[in-house]
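I opened my notebook to look up a few things in a new structure. Come along and check each entry against the picture.

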Amino acid sequence: MQLSSKEIERLKKESAQRSGCWEIDWGPEPMSQGNDNREDQLSLTLVVHQESHYVLEMFLSSLDAVDKGISAFLNATQKQLTLPKTILVRDKVLMSELLPLATALDCEIKVSRLKAIPQIRRAMNRLIF
């Protein structure tokens, strides 16, 4: 998913404030994992404000969908009208997907151990199972 320079500038203008550190990660969506058919299984991408544990975006997609990290990030910025100062991701695959957009939006991006998302996933699993 590519954004034009005009869209990038619009996002920067509309999201002039920065809101700390956001974590972004994807993984299996717990409700669909009981299905034996891989086509019915979904991926859940979360965008979470690290300090508050506030879920900015939950994005469902097929397991093999491309650009799901970018889609979730863009949805979060458009809903919140803010951008993070820093984006933390768990793996290099997601970082490479987000790096061009993060750079264009002047957001620092790092591969790091996540704090908020694992806690949120555990809480979701407890509620479901």
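These entries go from the whole chain to one helix and then to the cysteines.

**Entry 1, the whole chain.** I noted first that this is a predicted model. I found four helices and five strands in the protein chain. Read from the N terminus, their order is α-β-β-β-α-β-α-β-α. The chain has 129 residues, and 43% of them count as buried. I also looked up the accessible surface, which comes to about 7,400 Å², with 53% of that belonging to carbon and sulfur atoms.

I picked H3, which covers residues 92-104. Its 13 residues reach 18 Å from the first C-alpha to the last, close to the expected 18 Å. Where does H3 have a kink? I found a kink of about 45° at Leu-98, shortly before Pro-100.

At the start, a side-chain oxygen of Asp-91 reaches to within 3.1 Å of the backbone nitrogen of Val-93. After the helix comes Asp-106, and its phi is positive, near 60°.

**Entry 4, the buried side of my list.** Which residues in H3 are buried? I wrote down Leu-94, Glu-97, Leu-98, Leu-101 and Ala-102. A handy reminder: an α-helix has 3.6 residues a turn, so residues three or four places apart point the same way. Among the elements covering the buried residues of H3 are helices H1 and H2 and strands E1, E4 and E5.

I looked up Cys-21, and it is buried, with a relative accessible area of 8%. Cys-107 is buried too, at 6%. How many disulfides does a search of the whole structure find? My entry reads zero.

Technical notes: Residues are numbered from 1 along each chain as its sequence is written. This is a predicted model: local features need pLDDT of at least 70, side-chain atom pairs count only at pLDDT 80 or more; totals for chains, interfaces and linings use all residues. Side-chain values use heavy atoms; hydrogens and water are left out. Helices (H or I, at least four residues) and strands (E, at least two) are DSSP runs, numbered from the N terminus. The expected span of a helix is 1.5 Å times one less than its number of residues. The bend at a residue is the angle between axes fitted to the seven residues ending there and the seven starting there. Buried means under 20% relative accessible area, exposed over 50%, partly exposed in between (1.4 Å probe, protein chains only). Contact means heavy atoms within 4.5 Å. A polar contact is a pair of N or O atoms within 3.5 Å; within protein, one must be able to donate a hydrogen and the other to accept it, and residues adjacent in sequence count only if both atoms are side-chain atoms. A disulfide is a pair of cysteine sulfur atoms within 2.5 Å. Accessible areas come from the Shrake-Rupley method with a 1.4 Å probe; for residues, only the protein chains shown count as cover.
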